[in-house]
Amino acid sequence: MNSQDAIVIFSGGQDSTTCLYWALSNFHHVAALTFAYDQKHRCELDQSRVIARKANVPQKIISLDFMKELVSSELINQQKDNKKGTDNNNMPSTYVPMRNQLFLTLAYAWATTLQYSHIVIGVCETDYSGYYDCRDDFVKGFQAFTNLAYHLNFKIHTPLMHLSKGETFDLAEKVGCLDIVLEHSHSCYEGDRTQRHDWGYGCGLCAACQLRKRGWKEYCHNKENGKNG
Ligand code: ZN
């Protein structure tokens, strides 16, 4: 099995929206796999539907609501006081243990069914938050193990792995989705879509908004100085 078709793990955020359009310019067929796990910023899910429809990409939304029965994280639990809500005190409170491993496992399962050979995930170790499963080593290790264990030859693509947030905006422009990213993708942890900034919607204060805002500044700065390639 060696198709030129890809599944994109797609949340509706800036990174996975850029990956969705990157995949559309690199693969024959593209399908979006979205996970609903009662995440706090639920409007990300609504935005993912809007973007998949605009991109004309079939989307499957899978409920992982059981995650909150197993793990504690600020991203999926309502309480905000649980700052050390994970198995590791060095992790940010938004860390969800084993999340990307679970996502990739389910993407492998669906890819096997669809007979697609490529999986795209928007993880990035440049703006590293300390999440173990956003690292290149994690992705390479997962791919090597899973291919060996299941006699597969799938390839996991991580187009954002070594990009800064500013460079991710630049990539969005190159693959033709900058307007979609700004108007429709959602990153804000507080689920705020009432305030529109030049970098998109959000509260402007949470960690996700700060990162996006910094990235936009970097992108604009590089553009002014002719550094975006
Ligand atoms: Zn925010």
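Author: Angles between axes count as roughly parallel when under 35 degrees, as roughly antiparallel when over 145, as roughly perpendicular from 65 to 115, and as oblique for the rest. The axes themselves are lines fitted to C-alpha atoms, for helices over the stretch in contact, and the angles run from 0 to 180 degrees between N-to-C directions. Helices (H or I, at least four residues) and strands (E, at least two) are DSSP runs, numbered from the N terminus. This is a predicted model, in which local features need pLDDT of at least 70 and side-chain atom pairs count only at pLDDT 80 or more, while totals for chains, interfaces and linings use all residues. Residues are numbered from 1 along each chain as its sequence is written, and side-chain values use heavy atoms, with hydrogens and water left out.

The part to look at closely is the pair formed by helix α1 (residues 14-24) and helix α2 (residues 43-55), whose axes come within 11 Å and cross at roughly 15°. Because of that angle, α1 and α2 are roughly parallel to each other. The crossing of α1 past α2 is right-handed, a term that applies if the near helix is turned clockwise from the far one by less than a right angle, with left-handed used if it is turned anticlockwise.

Several residues of this pair can be described by their accessibility, where buried means under 20% relative accessible area, exposed means over 50%, and partly exposed is in between (1.4 Å probe, protein chains only). Trp-22 belongs to helix α1 and is buried, with a relative accessible area of 17%. Between the C-alpha atoms of Trp-22 and Pro-159 there are 7.9 Å in space, although the two are 137 residues apart in sequence.

The C-alpha atoms of Glu-44 and Gly-13 are 6.6 Å apart in space, with 31 residues separating the two in sequence. Asp-38 is in the loop between β2 (30-36) and α2 and counts as partly exposed at 23% relative accessibility. From the C-alpha atom of Asp-38 to that of Met-67, which is 29 residues away along the chain, the separation is 8.4 Å.

Cys-19 is buried, with a relative accessible area of 0%. If a disulfide is taken as a pair of cysteine sulfur atoms within 2.5 Å, the count comes to zero disulfides. Cys-19 is accordingly in no disulfide, its nearest cysteine sulfur being that of Cys-177, 9.3 Å away.

Helix α4 (residues 99-114) and helix α5 (residues 136-150) pack at an angle of about 40°, with 11 Å between their axes. They are therefore oblique to each other, and their crossing is right-handed. Most residues other than glycine have a negative phi. Met-98, in the loop between α3 (67-70) and α4, has a positive phi of about 65° without being a glycine, and counts as exposed at 51% relative accessibility. Gln-115, in the loop between α4 and β4 (118-120), has a positive phi near 60° and is likewise not a glycine.

The remaining topic is the metal site. Donors are N, O and S atoms within 2.8 Å of the metal (3.2 Å for Na, K and Ca), and sites may look incomplete because water is not among the atoms. For the zinc ion the protein donors are the SG atoms of Cys-188, Cys-203, Cys-206 and Cys-209, lying 2.3 Å from it, and along the chain they follow the spacing C-x14-C-x2-C-x2-C. Four donors count as tetrahedral if all angles lie between 85 and 135 degrees; four count as square planar and six as octahedral if opposite donors are over 155 degrees apart and all others between 65 and 115; anything else is irregular. Angles of 105 to 116° among the four donor atoms make the zinc site tetrahedral. Cys-203 and Cys-206 are both buried, and for Cys-203 the relative accessible area is 14%.
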